[in-house]
Amino acid sequence: MEEILKLKEKLYQGDIQAAIAICDELETMGRQDKINTLESFLVVLIIHLIKN
């Protein structure tokens, strides 16, 4: 949420380069969350396969 407020502030200030940098950061965070979720599912799957 903090990043969105920073983004809003930069847009109001007209600092487009900083706003783009914040957007890139948010995109990277989104990707990392997906990777972490997938990794967790894979660990559960591997544990399940080992048990069987």
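How many residues apart are Lys-6 and Glu-2 in helix α1? Keep that in mind as you start the tour. The model on your screen is predicted.

**Stop 1: the whole chain**

Show the protein chain as a cartoon. Now turn the view along the principal axes. The C-alpha atoms fill a box of roughly 60 × 15 × 5 Å.

**Stop 2: the surface**

The protein chain exposes about 4,700 Å². Carbon and sulfur atoms supply 63% of that area. Buried residues make up 6% of the 52 residues.

Next, colour the side chains by charge. You will find 6 positive and 9 negative ones. The centres of the two sets lie 5 Å apart.

**Stop 3: helix α1**

Select residues 2–13. This is helix α1, with 12 residues. From its first C-alpha to its last, α1 reaches 17 Å. That is close to the 16 Å expected at 1.5 Å a residue.

Step on to Gly-14, which follows α1. The phi of Gly-14 is positive, near 85°.

**Stop 4: the pair in α1**

Side chains of opposite charge can pair when their charged atoms come close. A search of the whole structure finds two salt bridges. Visit each in turn.

Select Lys-6 and Glu-2, and show their side chains. They form a salt bridge, with the closest N and O atoms 3.6 Å apart. Here is the reply to the opening question: Lys-6 and Glu-2 are four residues apart in α1, about one turn of the helix.

Are these two partly exposed or exposed? Lys-6 has 41% relative accessibility, so it counts as partly exposed. Glu-2 has 53%, so it counts as exposed. The cut-off for exposed is over 50%.

**Stop 5: the pair in α2**

Move to helix α2, residues 16–51. Select Arg-31 and Glu-27. What links them? A salt bridge does, and its closest N and O atoms are 2.8 Å apart.

Trace the helix between Arg-31 and Glu-27. They are separated by about one helical turn because they sit four residues apart in α2. Finish on Glu-27. At 41% relative accessibility, Glu-27 counts as partly exposed.

Definitions and conventions: Residues numbered from 1 in each chain as written. Predicted model: local features only at pLDDT ≥ 70, side-chain atom pairs only at ≥ 80, totals over all residues. Heavy atoms only, no water. Buried < 20%, exposed > 50% of the residue type's maximum accessible area, 1.4 Å probe, protein only. Areas by Shrake-Rupley, 256 points an atom, 1.4 Å probe, with all protein chains shown as cover. Lys, Arg positive; Asp, Glu negative; His and termini not counted. Charge placed at Lys NZ, Arg CZ, Asp CG, Glu CD. Helix = DSSP H or I, 4+ residues; strand = E, 2+ residues; numbered from the N terminus. Expected span 1.5 Å × (residues − 1). Salt bridge = Lys/Arg side-chain N within 4 Å of Asp/Glu carboxyl O.
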